[in-house]
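Let's take a friendly walk through one protein model. Have a look at the picture, and then we can read it together.

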Amino acid sequence: IITSILLFINIGRKLKIKKTEHKNLLLSWEIEKINSENKLKNAHHSLESYKDYLNEKNTQINRGSII
């Protein structure tokens, strides 16, 4: 009976460890996803800023060629 109890406790601990490792892995992936989304937002913002800059320069060039 004692051996069965110890075996049961040991299996329970192993399951708890596996569950914790799985949660940690999921959290790690979630953090990586958030970081990737932030990088994408920053890149998008940079591209939008550069696009606005180029549009402004094109407008200035067009105004200069009209005059």
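To begin, a residue counts as buried under 20% relative accessible area, as exposed over 50%, and as partly exposed in between (1.4 Å probe, protein chains only). This is a predicted model, where local features need pLDDT of at least 70 and side-chain atom pairs count only at pLDDT 80 or more, while totals for chains, interfaces and linings use all residues. Residues are numbered from 1 along each chain as its sequence is written, and side-chain values use heavy atoms, with hydrogens and water left out.

**The overall shape**

How many helices and strands does the protein chain have? There is 1 helix and there are 0 strands; helices (H or I, at least four residues) and strands (E, at least two) are DSSP runs, numbered from the N terminus. The radius of gyration of the protein chain is 29 Å, well over the 11 Å that the globule rule gives for 67 residues, so the chain is more spread out than a compact globule. Here the radius is taken over C-alpha atoms, and the rule is 2.2 Å times the number of residues to the power 0.38. Along the principal axes, the C-alpha atoms fill a box of roughly 100 × 5 × 5 Å. Buried residues make up 0% of the 67 residues.

Leucine 25 has its place in helix H1.

**Two side-chain pairs**

A search of the whole structure finds 1 aromatic pair. The rings of tyrosine 50 and tyrosine 53 have centres 6.2 Å apart and planes at 25°, so the pair is stacked. Rings of Phe, Tyr and Trp (its six-membered ring) pair if their centres lie within 6.5 Å; planes under 30 degrees apart count as stacked, over 60 as edge-to-face and the rest as tilted. Both tyrosine 50 and tyrosine 53 lie in helix H1 (residues 2-66), 3 residues apart, about one turn of the helix.

The structure also holds 1 salt bridge, meaning a side-chain nitrogen of Lys or Arg within 4 Å of a carboxyl oxygen of Asp or Glu. In it, glutamate 48 meets lysine 51 (3.8 Å, N to O). Glutamate 48 and lysine 51 are likewise 3 residues apart in helix H1.

Here is how accessible some of these residues are:

| Residue | Relative accessible area | Class |
|---|---|---|
| Tyrosine 50 | 49% | partly exposed |
| Tyrosine 53 | 45% | partly exposed |
| Glutamate 48 | 31% | partly exposed |
| Lysine 51 | 43% | partly exposed |
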